[in-house]
Amino acid sequence: MNKKIAIAGLGTVGLSLVKKLVEKKEIIQQRSNNSFDIIAVSARSKKSRGVDLSNYEFFDNPVEMVKNTDADIYLELMGGTNGLTLDYVKNVLKKGKVLITANKAMLASYGEQLSELADENNAKILFESSIGGGIPCLKTLREGMVGNNINAIYGILNGTCNYILTTVQETGKSFADVLSEAQKLGYAEADPTFDVEGYDAGQKLSLMASIGFGIKIPYDEMYFEGILDFMTNEQIKSAEKIGYSPRLIGVAKPQSDGYLIYTVPALVPVDKTMGNIKGVVNGCIINGDMVGDIISIGAGAGGDATASAIISDIVDSLKNNYTMTFNTSTKNLKSAKILPITERIGKYCIFGDENILKPKFGDNDIKYLNSVKDVFVIENIKEEKINSVLNGINCNLVRIEDC
Ligand code: NDP
Ligand code: HSE
């Protein structure tokens, strides 16, 4: 059955999607064994966008588009958490249609509510592109690893931050200049504080944790930090000398008494998986009890990479191939205890005056390694303890994630 598609949002992602659906129509139809047509589009302004949109009905209000069209698949590529965006998707779901969205911000806050609305109306929500840009993270977790208990998820989940951290490290350019490049390249959110303050990576990790562990979306309880000023350029150089690079890393792990779920700027070994992920690339390591580590790496942001993941959702819809939104019915999602970051037990790097720090370590039975002056690596210690030992001392404590 030919399926009709309506697209809300014609920015970086929406416009790439339209171009690719036109350019690749034949192959998509062959591979889905079905046909489709774009029938309508929506954006704030009807300005010329360098792409021929004349065959599609135009709406400057996406809610009006849902009310006045009879598409099978509605795309939400506008961004925003509440307001018109939420109204639009609710209207799509109430109509019993397929919603495909790239919007992790909205899903992290309203995912369960929207999933229930979808269940009530026999509608579907697909959101592969909302996590990891073009990487099929969700397909891996929901389908490829469906028989596994998930032991851990590690992720570089924000392309803008990874681009900034690795470019600053490699070129010595200023943070502000590199952020502005990332914006021009279409990687950053409309409000880039969502990227650099860690919200975006936290939203993505919270959705993966919910699906991986079968728990309610932990976005409001999880811990996250951004990358602003977490290390000086000089400290980044010192860390490099002992084999570490800075990354924004998400970690989600079940513990005996709850879950540790956090996204933090950290140091990673230069010669391990995450240390080799550079530029706008994202990566995730998902550990399952049957298969061990599954590692996926690829373009984490940008119009075409994101459109690639959206087309995978569109093809699933053309084939009527659906999974439940969170891999179980919404009512089965468990309430989970999310542990504070102070419960983290792991490695830390401390940058500070060794004359002040060394005696502190001795007094507290803490062993350290340091091969560079005023840089210490401490292993296997609880964050609560290291915080108390360092209380009142002028130094910079940076977590190390060995992934
Ligand atoms: P842009 O800001 O480039 O585009 C947003 C589009 O939505 C614009 O066409 C805009 O219209 C339209 N829009 C915004 N508000 C309204 C409104 N009130 N009514 C009608 N149209 C509206 O965003 P992106 O394409 O970068 O991102 C879109 C979504 O995709 C976001 O949720 C983002 O998080 C997600 N995403 C983005 C990625 C990326 O690399 N950029 C990667 C993965 C996900 P107009 O053009 O007229 O202003
Ligand atoms: N701003 C996001 C990023 C887009 O940089 O990763 C992809 O979700």
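**Aromatic pairs, ligand surroundings and selected residues**

Nine aromatic pairs are counted in this predicted model. One of them joins Phe-361 and Phe-376 in an edge-to-face arrangement. The ring centres lie 5.2 Å apart, and the planes stand at 70 degrees to each other. This pair links distant parts of the chain. Phe-361 belongs to helix α13, which covers residues 354-363. Phe-376 belongs to strand β15, which covers residues 375-382.

Tyr-368 counts as partly exposed, since its relative accessibility is 29%.

Elsewhere, ring pairs connect Phe-194, Tyr-199, Tyr-219 and Phe-224 into a cluster. Rings also meet charged groups. The charged end of Lys-25 sits over the ring of Phe-36, at 5.3 Å from the ring centre. The ring of Phe-127 has the charged end of Arg-142 over it, 5.2 Å from its centre.

Two ligands are described next. Around ligand 1 there are 23 residues. The closest are Leu-10, Ser-45, Arg-49, Glu-189 and Gly-302. For Arg-44, a backbone N or O atom lies 3.0 Å from an oxygen atom of ligand 1. Lys-104 contributes a polar side-chain atom, 2.9 Å from an oxygen atom of ligand 1. Taken alone, ligand 1 exposes 900 Å², of which the protein buries 84%.

Ligand 2 is surrounded by a set of residues that includes Lys-104, Asn-158, Tyr-187 and Glu-189. Asp-195, Asp-200, Gly-300 and Ala-301 are also among them. Gly-159 places a polar backbone atom 2.7 Å from an oxygen atom of ligand 2. Thr-160 has a side-chain N or O atom 2.6 Å from an oxygen atom of ligand 2. For the side chain of Lys-204, the corresponding distance is 2.8 Å. On its own, ligand 2 exposes 250 Å², and the protein buries 94% of that.

Asn-282 is found in strand β11, residues 281-288. With a relative accessibility of 0%, Asn-282 counts as buried.

Glu-354 lies in helix α13. Its relative accessibility is 19%, so Glu-354 counts as buried, given that the class requires under 20%. What does Glu-354 touch, leaving aside residues up to four places away in sequence? Its contacts are Pro-359, Asn-370, Lys-373, Asp-374 and Phe-376. Asn-370 is 16 residues from Glu-354 in sequence. In space, the two are 9.8 Å apart, C-alpha to C-alpha.

Ser-238 is placed in helix α11, which spans residues 233-241. Ser-238 is buried because its relative accessible area is 14%. Outside the four neighbouring places in sequence, Ser-238 touches Phe-351, Val-372 and Val-375.

Backbone geometry gives a further topic. Most residues other than glycine have a negative phi. Asp-374, a contact of Glu-354, has a positive phi of about 65 degrees although it is not a glycine. Asp-374 lies in the loop between β14, residues 368-372, and β15. A relative accessible area of 23% makes Asp-374 partly exposed. Asn-122 is not a glycine either, yet has a positive phi of about 55 degrees. Its place is the loop between α5 (104-120) and β6 (124-126). Asn-122 counts as exposed, because its relative accessibility is 58%.

Technical notes:
Residues numbered from 1 in each chain as written. Chains lettered and ligands numbered in written order. Predicted model: local features only at pLDDT ≥ 70, side-chain atom pairs only at ≥ 80, totals over all residues. Heavy atoms only, no water. Phe/Tyr/Trp six-rings, centres within 6.5 Å; stacked < 30°, edge-to-face > 60°. Helix = DSSP H or I, 4+ residues; strand = E, 2+ residues; numbered from the N terminus. Buried < 20%, exposed > 50% of the residue type's maximum accessible area, 1.4 Å probe, protein only. Lys NZ or Arg CZ within 6 Å of the ring centre and 35° of its normal. Near = heavy atom within 4 Å. Polar contact = N/O pair within 3.5 Å; in protein donor to acceptor, adjacent residues only side chain to side chain. Areas by Shrake-Rupley, 256 points an atom, 1.4 Å probe, with all protein chains shown as cover. Contact = heavy atoms within 4.5 Å.
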